[in-house]
Amino acid sequence: MEQKSMRKFRWFWPWQDEAQEAWLREMSQQGWHLTAVGIPINYDFESGEPEDFVYRLDYQYHSKMDKEDYLQLFSDANWEHIGEMSGWQYFRKKARAGEDLEIYTDAESKIGKYQRLLVFLGILMLPLFFSIINLSDPPYDWMSTLQVLIILLFVLYVYMIIKILLRINQLKRL
Amino acid sequence: MATDKDPNKYLPLTEATYYIMLSLIEPLHGYGVMQKVEEISQGTVSVGPGTLYGAFSTLEKEKLILKIKEEARRKCYTLTPKGKQVLLSQIERLEIMTGNGKSVKESLV
């Protein structure tokens, strides 16, 4: 019996959008095309003819987005919208000679995408940050699991933010 | 004050923003802007949808462009008077730059 569709689970960090793009392209080259993305990180594929699809991920805040105008622009530029997940928008286009394969065509606007992500993570980090400040009060027992968890999460956020800042730095040019 | 400092706050524009604004001297929708920029820049600059969407948002927020009508389900933008001022200032700045470039061009070949 031939498989028509499948679901894969894979974890990517927020700064690994290009790694996601590369993986999805490989999948399409093998004849598996993305149909949907969900939480937790599950990817749904349908089988078909191998195609060289280039995938691109954008990051936008829902509330600030004029969805219709946004999608129309991408559609006009021949990008097919596959779906969205937590602010990440998934697009693809067949890789052909002469086709523009980037959704961000200059470094400045590409940096803007990572800055949006940075702000979002920073905001998420605030409650943790305040929790940690409160941890230094005498009544707390330092060996409490909750405190350890909070600190670990905080360190994780700091790590993510640093990774994204490094990514932004890579994109900056003369 | 002799000079209005406002336009200069936005300079220098990125190449993409410069060409987008040039394309919006007459009302145009996003699709048209993408095509026009490619054409008038002689292929040296292309504007992707992510870049264009960001530029439209920022330019509109800064009141350098505004939406004026809808054509074939696509919103059209055009420059505001303030936008025209900024563009003019950028063009004058570029004229100085290219003037300098031209005068040394031969010595670089």
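Predicted model: local features only at pLDDT ≥ 70, side-chain atom pairs only at ≥ 80, totals over all residues.
Colleague: How many helices and strands does chain A have, and in what order do the elements run?

Modeller: Chain A has four helices and six strands, and, read from the N terminus on, its elements run β-α-β-β-β-α-β-β-α-α. Turning to contacts in chain A between residues at least 6 apart in sequence, 65% of them join residues that are at least 24 apart.

Colleague: What share of chain A counts as buried, and why does A:Phe91 count as buried?

Modeller: A residue is called buried if 20 or more other C-beta atoms lie within 10 Å of its own, and 22% of the 174 residues of chain A count as buried. A:Phe91 counts as buried because it has 24 C-beta neighbours inside 10 Å. A:Phe91 belongs to strand E6 of chain A, which covers residues 88–94. Leaving aside its neighbours within four places in sequence, A:Phe91 is in contact with several residues, including A:Tyr55, A:Phe74, A:Trp79 and A:Ile103. The C-alpha atoms of A:Phe91 and A:Val54 are separated by 8.3 Å, although these two residues are 37 residues apart along the chain.

Colleague: In chain B, how should I read the sheet, and which strands are at its edges?

Modeller: Three strands of chain B form an open sheet in the order E1-E3-E2, with antiparallel pairing. The edge strands, each of which pairs on one side only, are E1 (28–29) and E2 (65–71) of chain B. Between E2(B) and E3(B) there are six bridges in the antiparallel sense, and B:Lys67 stands opposite B:Tyr77 in E3(B).

Colleague: Where do the two chains touch, and how many residues does each give to the contact?

Modeller: The size of an interface is often given as the accessible area lost when the parts come together. Here we can count residues instead: the contact takes 17 residues from chain B and 19 residues from chain A. On the side of chain B that touches chain A, the elements giving two or more residues are helix H3 (30–40), helix H4 (49–61) and strand E3 (74–79) of chain B. H4(B) provides the largest share of that side, six residues. By kind, the residues of that side of chain B divide into seven nonpolar, seven polar and three charged.

Notes
Residues numbered from 1 in each chain as written. Chains lettered and ligands numbered in written order. Contact = placed C-beta atoms within 7 Å. Nonpolar A, V, L, I, M, F, W, Y, C, P; charged D, E, K, R; others polar. Buried ≥ 20, exposed ≤ 12 C-beta atoms within 10 Å, placed from the backbone. Pairing = 2+ DSSP bridges.
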